[in-house]
Amino acid sequence: LGKQDYKKTRPMLRATRLKAEAKKTALGVKEVALVLAAILVFLLAFYAFFYLNVSNEVDLDLDPDE
C-alpha cells in the first residue's frame, strides 16, 4: 500500500547540507559579469578623463598665428 520512507544516514545528510551551503555561497556567472562590467566602465571613464585632459593641453600649446 504505502512505500517505506528511505531514511538518510548521517553522512548523507551532512553531504546534502554542505552541498546546499556551497551553492548558497558560490559566486554566480551574473555576479562575476557585473563585477567585470563595473571594472570595465571604471577603466573607460579613467581613460576618457585623461584623454580629454591631454587633448585640451595640446590645443592650448598651439599658437593661433600658426
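This is a predicted model: local features need pLDDT of at least 70, side-chain atom pairs count only at pLDDT 80 or more; totals for chains, interfaces and linings use all residues.

Let's begin with the setting. The protein has two helices and zero strands, and buried residues make up 0% of its 66 residues. UniProt, in an unreviewed entry, places a transmembrane region at residues 32-52. That stretch is 100% helix in the model, with its end C-alpha atoms 30 Å apart.

Now to the rings. Four aromatic pairs are counted here. In one of them, the rings of F42 and F46 have centres 6.3 Å apart and planes at 25°, so this pair is stacked. Both residues sit in helix α2 (residues 29-61), and because they are four residues apart, about one helical turn separates them. How open is each one? F42 has a relative accessible area of 57%, so F42 is exposed. F46 comes to 47%, which means F46 is partly exposed.

F46 also pairs with F50, this time edge-to-face, with 4.9 Å from centre to centre and 70° between the planes. Again the two residues are four apart in helix α2, about one turn of the helix. F50 has a relative accessible area of 41%, so F50 counts as partly exposed.

Put together, ring pairs join F42, F46, F49 and F50 into a cluster.

How values were computed
Residues are numbered from 1 along each chain as its sequence is written. Side-chain values use heavy atoms; hydrogens and water are left out. UniProt positions are given in the numbering used here, feature names are shortened, and annotations may be inferred rather than shown by experiment. Buried means under 20% relative accessible area, exposed over 50%, partly exposed in between (1.4 Å probe, protein chains only). Rings of Phe, Tyr and Trp (its six-membered ring) pair if their centres lie within 6.5 Å; planes under 30 degrees apart count as stacked, over 60 as edge-to-face and the rest as tilted.
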